[in-house]
Amino acid sequence: MLAAVGYGETHFDGHDGKPSQAHGFGVMHLVSNPSRQTLEQAAEITGESVTELREDTDANIHGGAAVLRAHADKLGLSAAERNDVDAWYPAVARYSGAEGAVARMYADDVYDTLDKGVGATTPDGERIEVAGRTVHPDKSEVDASGLDTKAPDYPDAAWVPAHGANYADGRSAKIDKIVVHVTQGSYAGTISWFQNPDAKVSSHYVVRSKDGQVTQMVRDANTAYHARSANSSSLGIEHEGYVDDASWFTDPMYRSSAKLTRHLADKHGVPLDRKHIVGHNELPDNDHTDPGKHWNWDTYMKLVKG
């Protein structure tokens, strides 16, 4: 279970203690932001310092285990139930920090990893293998309302709206570009962060790594807060992953994102070239590096152009 959660959050990469977009740390993504403090919760339970939990992988994994166990205790899981991997589903949903459809999405992703198994190599060369197993979790305790709501501007996407504090209604300029971003976090975690009024950031779309699933969060006609000076004239697409880890940039993600970009370009009259389909790092007045050196622009643009 810990491996499935850790893989879904970070692909087992603690990123040397650097925070994710939602201010989460380490392999288990222990979070410290105004509305969620699992990092501090883990410190209180384990007795480890916040610094150790941020920077030491062993401590971080123990902290994640402690937070998961705390959720299980609040749910009243017995010792027998804790030995049943299926019984942990609502605790995993709570670990996400999200609610409703996003929490359900997060838990489903973890259990899909448990079902299929996972094999990955950590940044320091350790190989982690978890065999797949048949899972049948009871999902009835996790609200799924809104999970199947279709996006208003792209028929192949789900619709999970960002919080109103994280975007502006309307636009002050014509859409003339599409901006490629990398989330610096997980798919469900990013969606949840854009629903948090403390975030003050958002994007129009988020694309999942493993299968290219797309969620729309801001209407095309509105101004997402994703690219500073280009917000009013652009559409933003976030891609699940981290700029320094190529393992997130899968073929399904490239193909799904390219299909989305082509749809948006045709709809809004954006030229299919690199002057108008750009990376966040290529825009003026920004301090971001995404999508980074591992993003394959040649492959992406060939797919966009069909």
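Which residue takes a positive phi in the hairpin of β3 and β4? I looked it up in this predicted model, and Gly125 is the one, with phi near 95°. The hairpin has 5 residues between its strands.

**Entry: the hairpin strands**

I stayed with β3 (residues 118–121) and checked where its side chains go. Next I went across to β4 (residues 127–130), which runs antiparallel to β3 and is joined to it by 4 bridges. For Thr121, I found Arg127 of β4 standing opposite.

**Entry: largest pocket**

Then I turned to open space. The largest pocket holds about 1000 Å³. I got 48 lining residues, with His15, Lys18, Pro19, Gln184 and Tyr242 the closest to the centre. I also asked which elements give two or more residues to this lining, and came up with α1 (2–10), α3 (50–55), α4 (57–75) and β7 (177–182). α4 gives the most, at 4 residues. By class, I noted 16 nonpolar, 17 polar and 15 charged residues in the lining of the largest pocket.

**Entry: second largest pocket**

I put this one at about 400 Å³. Its lining has 25 residues, and nearest the centre I found Arg36, Ser96, Gly97, Ser192 and Trp193. α7 (100–116) and α8 (187–194) each supply at least two lining residues here, and α8 gives the most, with 5. My class tally for the second largest pocket reads 7 nonpolar, 15 polar and 3 charged.

How values were computed:
Residues numbered from 1 in each chain as written. Predicted model: local features only at pLDDT ≥ 70, side-chain atom pairs only at ≥ 80, totals over all residues. Heavy atoms only, no water. Buried < 20%, exposed > 50% of the residue type's maximum accessible area, 1.4 Å probe, protein only. Pairing = 2+ DSSP bridges. 1 Å grid on protein atoms, 1.4 Å probe; cavity = no way out; pocket = protein on both sides within 12 Å on 5 of 7 lines; lining within 4 Å. Points joined across faces, edges and corners; volume = space filled by probe spheres on them. Nonpolar A, V, L, I, M, F, W, Y, C, P; charged D, E, K, R; others polar.
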